[in-house]
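Subject: Handing over the structure

Dear colleague,

I am passing on to you the structure that I have been looking through, and below it you will find what I noted. Please keep it open beside this message as you read.

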Amino acid sequence: MKIALTVGHSLLKNGCYTSADGTRYGGCNEYKWCKTFSKQVANALRKKGHKVTRIVCPEKKFTSSIQEKIYKLNLINSGNYDLVIELHLNASDPKAEGTEVLYKSSTGKKYADKVQKQLSTIFENRGTKQRTDLYILNGTKPPAILIETFFCTSKSDFKKAKGLIKRRKLAKLVANGISSV
């Protein structure tokens with residue numbers, strides 16, 4: 001398959017992130033973690049035989065999150081992809097934990113269910129959820145899923161995802177889920 005792998009959010013021109021930052025709770029910065037994780041996910045998917053394009057917004061170029069939306073959708077919808085995967089981390093009360101995968105279409109649900117099953121071997125299973133209000137799920141021609149890998153505001157979740165070895169293991173789980181559909 002030809003897959004577009006996108007990193008949720010961006011680093012704006014003024015130095016602010018459009019993402020959540022759980023570092024004060026013992027977690028991590030969503031954008032920074034997902035940007036690094038995207039490299040491991042791309043490698044794991046390539047090992048399964050997929051063609052993967054990582055889409056990361058240019059840093060310190062945009063002044064608003066609407067620009068990241070336009071940037072991503074233009075690249076995705078002109079790229080003739082079979083699937084879109086966007087990486088995110090959830091954020092909430094520091095006690096909230098777990099993983100969930102979001103989808104809109106029935107095809108997206110198939111991928112979401114398989115990835116969710118894999119990631120819930122590490123994190124609490126919060127289930128897959130259909131969402132109709134997210135641009136990455138609504139605005140792409142190919143089916144898309146949005147992976148909320150864990151809560152960046154959770155010290156416990158971050159422990160399970162911190163470091164290269166753990167990121168590689170999580171990436172392999174994502175690739176296994178995608179490849180099992």
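Contact, as I use the word here, means that heavy atoms lie within 4.5 Å. Please also bear in mind from the start that this is a predicted model.

Asn29 lies in the loop between β1 and α1, and it counts as buried because its relative accessibility is 7%, where buried means under 20%. Asn29 also caps the N-terminal end of α1, with a side-chain oxygen that lies 3.0 Å from the backbone nitrogen of Tyr31.

The side chain of Thr23 is joined to that of Asp21 by a polar contact of 2.8 Å, and, leaving aside neighbours within four places in sequence, Thr23 is in contact with Cys28 and Asn29. Thr23 and Phe158 are 135 residues apart in sequence, and yet their C-alpha atoms are 9.8 Å apart in space.

How many disulfides does the structure hold? The structure holds zero, and Cys28 is in none, since the nearest cysteine sulfur, that of Cys152, is 5.6 Å away. A disulfide needs two cysteine sulfur atoms within 2.5 Å, and so the 5.6 Å between the sulfur of Cys152 and that of Cys28, its closest cysteine sulfur, is too far for a bond. Cys28 counts as buried, at 6% relative accessibility, and Cys152 is buried with a relative accessible area of 0%.

Just after α1, Gly49 takes a positive phi of about 95°.

Strand β1 (residues 2-7) runs parallel to β3, and five bridges join the two, with Ile85 in β3 as the bridge partner of Leu5. Strand β3 (residues 83-90) is in turn joined to β6 by six bridges, and these strands also run parallel; Leu87 has Ile147 of β6 as its bridge partner, while Ile85 stands opposite Ile145 in β6. Strand β4 (residues 99-103), on the other hand, runs antiparallel to β6, to which four bridges join it, and here Val101 has Ile147 as its bridge partner.

Are the residues of β6 buried or exposed? Eight of the eight residues of this strand (residues 144-151) are buried, so β6 is largely enclosed by the rest of the structure. Strand β3 is mostly covered too, with eight of its eight residues buried, and the covering applies to both faces, because Leu83, Ile85, Leu87 and Leu89 on one side and Val84, Glu86, His88 and Asn90 on the other are all buried.

The largest nonpolar core has 38 residues, of which Trp33, Ile85, Ile145, Ile147 and Ile178 touch the most other members. The elements that give two or more residues to this core are β1, α1, β3, β4, α3 (106-119), β6, α5 and α6, and the largest share, eight residues, comes from α1. Leaving aside neighbours within four places in sequence, Trp33 is in contact with Cys28, Leu89, Thr149, Phe150, Phe158, Ala161, Arg167 and Leu170. There is also a second, separate core of ten residues, which includes Ala4, Ile55, Ile76 and Leu102.

With best wishes

How values were computed. Residues are numbered from 1 along each chain as its sequence is written. This is a predicted model: local features need pLDDT of at least 70, side-chain atom pairs count only at pLDDT 80 or more; totals for chains, interfaces and linings use all residues. Side-chain values use heavy atoms; hydrogens and water are left out. Buried means under 20% relative accessible area, exposed over 50%, partly exposed in between (1.4 Å probe, protein chains only). Two strands pair if DSSP finds at least two bridges between them. A polar contact is a pair of N or O atoms within 3.5 Å; within protein, one must be able to donate a hydrogen and the other to accept it, and residues adjacent in sequence count only if both atoms are side-chain atoms. A nonpolar core is a set of buried Ala, Val, Leu, Ile, Met, Phe, Trp, Tyr and Cys residues joined through side-chain atoms within 4.5 Å.
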